[in-house]
Amino acid sequence: MPNESMPLNVRRMKWACLVIVVTTTFFADSCSSSQANNLKAGFSKPVLVHVYTVAEETTRRRVQAVGSLFALEESTLSAQVESRVDKVLVDVGDVVSEGQPLVLLDQRELQFELERQHGLVKQVRAQLGIGPDDPLPTDPKKMASVQRAEADLFDAFRKYGRAKDMFKDDLISQQQFDEVESRYHSAQATYDLALQEVERLKALLISSEASAAQAQKKLGDATIRAPFPGAVETRNVHPGEYLRLQSPIMVVVRTDSLRARLAVPERWAGLVKDGALVDLHVEAFPGETFEGHISRINPTVSQDSRTFEAEALLDNKAGRLKPGFFVQASLPSEKEDKAIFVPEPSVNYRYGVYKVFLVKGNRVSEKQIQPAGQTEDQRGRRFEVAEGLKPGDRVATPVSGDLHDGDTVQEQLEGASPAAK
């Protein structure tokens, strides 16, 4: 600190020198730092980018929907007869063909019942006097039992006629006449009963043959078969179990064709038509497209989701797709709009915000955009922008690595290799 005993002019000169030294040092440091930054900037390499010039274009809208895959058919097989499980021939995941035996039940009691019914049929046919393959008699009067009763009736009728004439001439007594008349009425009743017996036996034969056919069906039901080609989804029985009627046994699904049930937003109701081609995408096979056709459309809209259901059928003979897969669907439409698209790799998404890098001179700056969705066309996967870009804007996509706000960039044409530095 300057001595207060110094003259005033000497002290002022010392303070002036101190200020000059500090100012000189500050400007020297500033110049040195500026030169270092400029030197660093001169040696940093620009980021190689592809540049896309934004343009408004006319696009044909595609209907976007989501949904799930379902089996073409799904059947829960149940027991049609009461019996014990003898064998289970398939398990979950097994592929089965139509009519293939899946479960065998104990058939012994069913076989006994079938034989009993066949015995009753033979007995009735024997009573009717017809063979095992003969049809039912159409004219009861041709049956042997009826013809015998008819002959007895004819004989009794003739005797009754003679007796009546003899009784008028007092050639026989009242008692004798009454006996002949009684035999005639008895023969008439016997003949009527013979006709009724034939009709009764015919009805009994029909009933017995129906019971035999039912017993035959139950015996066949003891072998539970696949109703259609497919695969076993669930199995609920094991050998030795006793099954009651309608006990669930297995669930078989048909997967050679699948149903895609799609929830379509109501605003697209006028654009979805029967038979329309549908492009389907699943997470299990990214990048692959599966094709189906609209087979039916629900006529009502759900008031909760404001969507309606459209069902598409798709071939699955290769078995790659499985019921339950989540699907994203895209359907063509005739609606056309003006839209702005950018290459999908040029869009950055972080924390719920979509951004692109705009090229200005040889530098880039971040710009937030509002998405309208994604569209797939012949030019590849592109991103539709609703707000934030205008025709003429230039959007950068890094050839490799990442871009940052303020980076210096150098455009690389498609197909060109980076220049050696």
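## Salt bridges, helix packing and strand pairing

At a relative accessibility of 16%, Asp106 counts as buried, because the cut-off for that class is under 20%. The model in which this value was computed is a predicted one. Asp106 forms a salt bridge with Arg108, and the closest N and O atoms of the two residues are 2.9 Å apart.

In general, side chains of opposite charge can pair when their charged atoms come close.

| Salt bridge | N to O distance |
|---|---|
| Asp106 and Arg108 | 2.9 Å |
| Glu209 and Arg125 | 2.8 Å |
| Arg296 and Glu311 | 2.4 Å |

Glu209 and Arg125 form a salt bridge in which the closest N and O atoms are 2.8 Å apart. The pair links distant parts of the chain, since Glu209 lies in helix H4 and Arg125 in helix H2, 84 residues apart. Glu209 is partly exposed at 32% relative accessibility, whereas Arg125 is buried, with a relative accessible area of 9%.

The two helices that carry this pair also pack against each other. Two packed helices are described by the angle between their axes and the distance between the axes. For helix H2 (residues 108-128) and helix H4 (residues 174-221), the axes come within 8 Å and cross at roughly 160°. H2 and H4 are therefore roughly antiparallel to each other, the cut-off for this description being an angle over 145 degrees. The residues of the contact of H2 with H4 divide into 13 nonpolar, seven polar and five charged. As to handedness, H2 passes H4 in a left-handed crossing.

The side chains of Arg296 and Glu311 meet in a salt bridge with an N to O distance of 2.4 Å. This pair, too, links distant parts of the chain, with Arg296 in strand S11 (residues 290-297) and Glu311 in strand S12 (residues 307-315), 15 residues apart. Glu311 is buried, with a relative accessible area of 5%, while Arg296 is partly exposed, with a relative accessible area of 45%. Salt bridges that share partners join Arg296 and Glu311 with Glu73, Arg259 and Arg261 into one network.

The strand pairing can be followed from strand S13. Strand S2 (residues 56-78) and strand S13 (residues 326-343) run antiparallel and are joined by twelve bridges, and within this pairing Thr58 stands opposite Lys338 in S13. Strand S10 (residues 277-282) also pairs with S13 in the antiparallel sense, over four bridges, and here the bridge partner of Asp279 is Ser330 in S13.

Another part of the structure holds an open sheet of four strands in the order S6-S5-S3-S8, with antiparallel pairing. Strand S6 (223-225) and strand S8 (242-243) are its edge strands, each of which pairs on one side only. Strand S3 (residues 83-88) pairs with S8 in the antiparallel sense over two bridges, and Ser83 stands opposite Leu243 in S8.

Definitions and conventions: Residues numbered from 1 in each chain as written. Predicted model: local features only at pLDDT ≥ 70, side-chain atom pairs only at ≥ 80, totals over all residues. Heavy atoms only, no water. Pairing = 2+ DSSP bridges. Axes fitted to C-alpha atoms, helices over the stretch in contact; angles between N-to-C directions. Parallel < 35°, antiparallel > 145°, perpendicular 65-115°, else oblique. Left-handed = near helix turned anticlockwise from the far one by under 90°. Nonpolar A, V, L, I, M, F, W, Y, C, P; charged D, E, K, R; others polar. Salt bridge = Lys/Arg side-chain N within 4 Å of Asp/Glu carboxyl O. Buried < 20%, exposed > 50% of the residue type's maximum accessible area, 1.4 Å probe, protein only.
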